[in-house]
Amino acid sequence: MDARFLRVVGAATAVYGLAVAARPEYLARPSGLTDGFGEVAPETATSLRPLGWRDAASGAAMLFAPNGPALATAACVRLAADFGDAALLGATLPPWRRAPAVAVSVGWGALTVIGLLRRPAGSGGADGVAAARGGRGRKAH
């Protein structure tokens, strides 16, 4: 797990979430959730603000969670939200808005997956883990 990478994704997610909570049109307009004049109805804004707060909270959790299981759990919560968004938006948005909205949600989720699977630079991979535990690791040939 690359904690630094996950923290960057978390920080970006938190900033985006705060922006959507303050200005729901940042999510409504690209998703096609506006009226015929491109305006966001008050009811739509009210419905989108909690998503912004959810993203802000989950991003902050990724940013501030201690390394290890807490950070992995925060990342998995974020991942569930992103892939859940992709499923919901893909099933409910107008056809011409589905692909871009799903792509953005899956893209953010993919960043989290990368952070969970990636080893940080200089970590030594499995050999570094074995060395940290007192093992010898593999010999270079």
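Colleague: What covers the buried residues of H5?

Modeller: In this predicted model, the cover of those residues includes H1, helix H3 (42–64) and H4, with contact taken as heavy atoms within 4.5 Å. Residues are numbered from 1 along each chain as its sequence is written, and side-chain values use heavy atoms, with hydrogens and water left out. Because the model is predicted, local features need pLDDT of at least 70 and side-chain atom pairs count only at pLDDT 80 or more, while totals for chains, interfaces and linings use all residues.

Colleague: What makes residues 95–117 a helix, and how many residues does H5 have?

Modeller: Helices are DSSP runs of H or I with at least four residues, numbered from the N terminus, and H5 has 23 residues. The expected span is 1.5 Å times one less than the number of residues; H5 reaches 33 Å from its first C-alpha to its last, close to the 33 Å expected. Within H5, Ala101, Ser105, Gly109, Thr112 and Gly115 are buried.

Colleague: Why is serine 31 called buried?

Modeller: Buried means under 20% relative accessible area, exposed over 50% and partly exposed in between, computed with a 1.4 Å probe on protein chains only; serine 31 has a relative accessible area of 5% and is therefore buried. Serine 31 lies in helix H2, and, leaving aside neighbours within four places in sequence, it is in contact with Leu93, Pro94 and Arg97.

Colleague: Which residues make up the largest nonpolar core?

Modeller: A nonpolar core is a set of buried Ala, Val, Leu, Ile, Met, Phe, Trp, Tyr and Cys residues joined through side-chain atoms within 4.5 Å. The largest one has eight residues, namely Ala3, Leu6, Val9, Met62, Ala65, Leu71, Ala74 and Ala75, and the elements giving two or more of them are helix H1 (3–22) and helix H4 (69–92). Ala3 touches Asn67 and Leu71, not counting residues up to four places away in sequence.

Colleague: What makes a space a pocket rather than a cavity, and how much space lies in the largest pocket?

Modeller: On a 1 Å grid over the protein atoms alone, a cavity is a set of points where a 1.4 Å probe fits but cannot get out, whereas a pocket is an open set with protein on both sides within 12 Å along at least five of seven lines. The largest pocket holds about 530 Å³, a volume being the space filled by probe spheres set on the points, which are joined across faces, edges and corners. Lining residues have an atom within 4 Å of a point; of the 25 here, the closest to the centre are Tyr16, Leu27, Asp85, Leu89 and Ser105. H4 gives the most to this lining, with six residues.
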